[in-house]
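Visitor: I would like to learn how to read the features of a model like this one, taking them one at a time. Could you take me through them slowly?

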Amino acid sequence: MAFIIVLILVGLILLLAEILIIPGIGFAGILGILSLAGSCFYAFQEFGTQTGVIVTAINIILTVGLSIYVLRAKTWKKLSLETKIDSKVSYFDESVIAVGDTGKAITRLGPVGMAKIGDKKYEVKSLEGIIDADTDIEVVLIEDNKIFVKPVEADY
């Protein structure tokens, strides 16, 4: 009888792990279902029909009860991340900036950083390599709302 209890506990733990830790139908879920089915099969084989039916009913009740407990909103609230994303994408008017404009890197561009072009700050991307802060830069490409720059002193 202890073997049946162990199979039931292992099956429930594996199903719980499948639901909470490893989502999807995977190895833990299949092993959990096989463990629960094995406990039913073993109860029918070793202890007869009456014990097998009782073990099957217990398995169903425990599995349904565990699923209801896990899928309740309060359980998921304890596990969920509550941070909010309040950042925004920086769009710019492409008619204000043109290829050939120069500016200065405010932060290190490795490869993405901030630069001042004209009198405004923009997020720019280095075309090649890392550009240190306070380096003079030149706009070489504007594509998909991204500004690509290179150092002014670099010869491409």
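Guide: What follows goes from aromatic rings to surface patches, then to a salt bridge and to the backbone. Please keep in mind throughout that this is a predicted model.

Visitor: Let us begin with the rings, then. How many aromatic pairs does a search of the whole structure find?

Guide: The general idea is to look at how far apart two ring centres lie and at the angle between the ring planes, since planes over 60 degrees apart count as edge-to-face. In this structure the search finds two aromatic pairs. In one of them the ring centres of F3 and Y42 are 5.1 Å apart and the planes stand at 80°, so this pair is edge-to-face. Because F3 belongs to helix α1 (residues 2-20) and Y42 to helix α2 (residues 27-47), the pair ties together parts that lie 39 residues apart in sequence. The rings of Y42 and F47, with centres 6.5 Å apart and planes at 80°, are edge-to-face as well.

Visitor: Which residues make the nonpolar surface patch?

Guide: Here one looks for nonpolar side chains that are joined within 5 Å and have over 30% relative accessible area. The patch covers about 500 Å² and is made by M1, I5, L9, I13 and F47, so F47 takes part both in this patch and in the aromatic cluster. Helix α1 gives the most to the patch, with three residues. I5 lies in that helix and is partly exposed, its relative accessible area being 46%.

Visitor: And the charged side chains on the surface: which residues gather in a patch of positive charge, and which in a patch of negative charge?

Guide: The positive patch is a gathering of R72, K74, K77 and K78 on the surface. K74 sits in helix α4 (residues 73-79), and with a relative accessible area of 59% it is exposed. The negative patch brings together D93, E94, E143 and D144 on the surface. E94 is placed in the loop between α4 and β1 (102-105), where it counts as partly exposed at 45% relative accessibility. D144, by contrast, is found in the loop between β4 and β5 (146-151) and counts as exposed at 66%.

Visitor: How many salt bridges does a search of the whole structure find, and which residue forms a salt bridge with K104?

Guide: Side chains of opposite charge can pair when their charged atoms come close. The search of the whole structure finds one salt bridge, in which D136 pairs with K104, their closest N and O atoms being 3.5 Å apart. Since D136 lies in strand β4 (residues 136-143) and K104 in strand β1, the pair ties together parts that are 32 residues apart in sequence. D136 is partly exposed, with a relative accessible area of 38%, and K104 is partly exposed with a value of 38%.

Visitor: How far apart are the C-alpha atoms of A98 and V139?

Guide: The C-alpha atoms of A98 and V139 are separated by 7.2 Å, although the two residues are 41 residues apart along the chain. A98 has its place in the loop between α4 and β1, and at 37% relative accessibility it counts as partly exposed.

Visitor: To finish with the backbone, which peptide bond is cis, and where is phi positive in a residue other than glycine?

Guide: Most residues other than glycine have a negative phi, and most peptide bonds are trans. Here the peptide bond from G110 to P111 is cis, with omega near -5°, and P111 lies in the loop between β1 and β2 (112-117). Phi is positive in D144, near 50°, and in N145, near 60°. N145 is found in the loop between β4 and β5, which is also the place of D144.

Technical notes:
Residues are numbered from 1 along each chain as its sequence is written. This is a predicted model: local features need pLDDT of at least 70, side-chain atom pairs count only at pLDDT 80 or more; totals for chains, interfaces and linings use all residues. Side-chain values use heavy atoms; hydrogens and water are left out. Patches are made of residues with over 30% relative accessible area and no salt bridge: like charges are joined within 9 Å, nonpolar side chains (Val, Leu, Ile, Met, Phe, Trp, Tyr) within 5 Å. Accessible areas come from the Shrake-Rupley method with a 1.4 Å probe; for residues, only the protein chains shown count as cover. A salt bridge is a side-chain nitrogen of Lys or Arg within 4 Å of a carboxyl oxygen of Asp or Glu. Lys and Arg count as positive and Asp and Glu as negative; His and the chain ends are not counted. The place of a charge is taken as NZ of Lys, CZ of Arg, CG of Asp or CD of Glu. Helices (H or I, at least four residues) and strands (E, at least two) are DSSP runs, numbered from the N terminus. Buried means under 20% relative accessible area, exposed over 50%, partly exposed in between (1.4 Å probe, protein chains only). Rings of Phe, Tyr and Trp (its six-membered ring) pair if their centres lie within 6.5 Å; planes under 30 degrees apart count as stacked, over 60 as edge-to-face and the rest as tilted.
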